[in-house]
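Good morning. Please look at the screen while I go through this one; I will start with the terms and then take the parts in turn.

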Amino acid sequence: MSPPVLALSNLSAISDRDRAPILRNVSLEVARGETCGLVGESGAGKSTIAKAILGILPRTIRVTGGEVKFEGADLLKIEIGPLRRLIGECIALIPQDPMTALNPARRIEAQLTDGPRLWRGLDATAARALALRLLDEVHIRDPDRVLRSFPHELSGGMRQRVLIAAAFALEPRLIVADEPTTALDVTVQKQILRLIRNMQSAHGTSVVFVTHDLGVVAQICDHVTLLFAGRVIEAGSASRLLDRPAHPYTRALLEACPRYDRPDAGLRPIPESVIADLYAELGQSGATP
Amino acid sequence: MTAVAAQRLIMAAVTLLGVAIIVFVLLRVVPGDPIAMMISPGATPADIAALRAHYGLDTSLPAQFFVWLKDILHGDFGTSISLHRNVLGIMAERLPATLELAFASLVFAALLGGAVAVFGTLVSDWTAAPLIDTVNGLFLAVPDFIWAFALVLLFGVFLPVLPLSGRIDPGLDERFVTPFYLLESLATLRFAAAADVLRHMVMPMLALGLPLASIITRVLKESLREAMVQDYVLLARLKGLSRLRLVLQEALRNAVAPTLALTGVQFTFLIGGTVIVERIFAYPGIGNMAVDAVINRDLPLIQGLTLVFGALFVVVNMIVDLLVVATNPRLRNG
């Protein structure tokens, strides 16, 4: 088995302000070509992990231990210059909100070709050809027109397609998808998920998929890591975790999901006893409260 | 688009008419009689009445206004009482000096203010970064005429490297076809003359431009700070773009609109500031002339100059509106 593309080991972080733990000994691995779901409620630590991978942790969060290894190199220890290049070339982000993630003052062509021009030294013609190919690959009709457009001239779904194209522009080894469908219409969500899935398998890219939606996990993830209060609660293959959850919290979370196959069952809130048990467990494990 | 343009032109005309009425009425309400300034001590009441009738000052106020307005619409701004010359002619001679000075100050302020704002954004995580705001706040608090005196002391007295007054060294014996000395000398490649005109311009330009530069820095730096935390800047940062490119390519174009709008308003204050700054440096522009006109109660000249200042205000604001649209693609197809 080839070494993992991304490996977090015992990553811990605290808030600089009140010393509250944000991540507690988080370990996870993402194999080549695999999509790994990072699931949890708000505040569970999933976006902190995403930021740590992308090298954009805010100053208010301090890493107290552990490693974030990308292809063997610890991202937390690399100098800022080489890190910028490494992340620019090898790791890409598909952002949450396509409405704010494109610069309103620049044409799509310019925004799509920044990376290839910077790191591959492509000239305008070559960069344009690449941009056209990428747009075609994400099923945008009339790519010529879209390249000349400003973001406000495109719909939300179109913008997310453009952002997916931009993420794949440099053939990155790892893509962090930060709730990429949350801001979209339900009908568009499905198309975008399928698109990410197809692109990911066609390019053999590894994906860290941040979401709070277990339905999305079922559709797209090979592997899942479930977080609560900065701690890994349960991890495993997506099918196993969704079918035979081992932890009571995972079970409760699955029960809380609305399902098409049992529309009359209603929504079951997560029992307070489960949450109380979780906090008790966190206290026992010796983590600072 | 044409409808908007027509609307703006009508608004401009209304603005200028308002300026004309206010100035006309004010000048006749405040104390001060142009005839009293002109007569010789031995003049008889009959002489005074004759002079008054000669200048049309014996008719009613509305009648005077409409005569003046009608003449202006025919391009006749009247005759200066103190200089005995056609008002339009003198203004055409003097206005270019002020325009060159004002636009040089504007360019200087935009470059300096913009550069400091961009620099401040680039180094915003340095410990000493708040110092920029502190120093800028000091500059913000010093008005143009104080700068003028400080500059006179600095570059005229302690370190006499710059000429203190005028627009060009009279000893140079340069001939100009147009009143645009700087543009003309540059266009005809007379660089010695251009350098001399510029040397005369430096101090009034600094006095007028420094306060504007600090305003531009303040507003632009704040907009840049807001733009730098936007998602698209983060995404560009992840692509590996340098911080300078993030500021110039990603943030600046989105941050510039409020600064443009404010610079337009502030530039009209700058044009107002030429009145006192041109006076201090004996710079032969319309600002300096306006002071003389007021001292001499030269009603036609004051009225003409005020209309010119008003027209500048209108034109500048129109240009600013066009620039705001030009920098924002979302407004362009409106």
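Two strands pair if DSSP finds at least two bridges between them. Strands (E, at least two residues) and helices (H or I, at least four) are DSSP runs, numbered from the N terminus. This is a predicted model, in which local features need pLDDT of at least 70 and side-chain atom pairs count only at pLDDT 80 or more, while totals for chains, interfaces and linings use all residues. Residues are numbered from 1 along each chain as its sequence is written, and chains are lettered from A and ligands numbered from 1 in the order in which they are written.

Now chain A. Six strands make an open sheet in the order β6-β7-β8-β3-β9-β10, and the pairing is mixed. β6 and β10 (231-237) of chain A are the edge strands, each pairing on one side only. From one strand to the next the twist averages 15°; for angles, axes are lines fitted to C-alpha atoms, for helices over the stretch in contact, and the angles run from 0 to 180 degrees between N-to-C directions. Helix α6 of chain A, residues 156-167, packs on this sheet and touches β6 and β7 of chain A, and its direction makes about 175° with that of β6(A). Contact here is between two residues whose C-beta atoms, placed from the backbone, lie within 7 Å.

What are the neighbours of β7(A)? Strand β6 (residues 91-94) of chain A runs parallel to β7(A), joined by four bridges, and A:I94 has A:A177 as its bridge partner. Strand β8 (residues 206-211) of chain A also pairs with β7(A) in the parallel sense, over five bridges; there A:L174 has A:S206 as its partner. Between β7(A) and β8(A) the chain passes through helix α7 (residues 186-203) of chain A, in a right-handed β-α-β crossover. Right-handed is said when, with the strands pointing away from the viewer, the path from the first strand over the helix to the second runs clockwise.

Is strand β7 of chain A mostly covered or open? Mostly covered: five of its five residues, 174-178, are buried. A residue is buried if 20 or more other C-beta atoms lie within 10 Å of its own, exposed if 12 or fewer, and partly exposed in between, with C-beta atoms placed from the backbone. A:L174, A:V176 and A:D178 point one way, A:I175 and A:A177 the other.

Chain A has another open sheet, of four strands in the order β2-β1-β4-β5, with antiparallel pairing. β2 (21-30) and β5 (73-74) of chain A each have a single partner strand, so one side of each is left without a neighbour in the sheet. Strand β4 (residues 61-70) of chain A is joined to β5(A) by two bridges, antiparallel, and A:K69 stands opposite A:D74.

Last, chain B. Here 15 residues of chain B are in contact with 21 residues of chain A. On the chain B side, α10(B) gives the most, with six residues.
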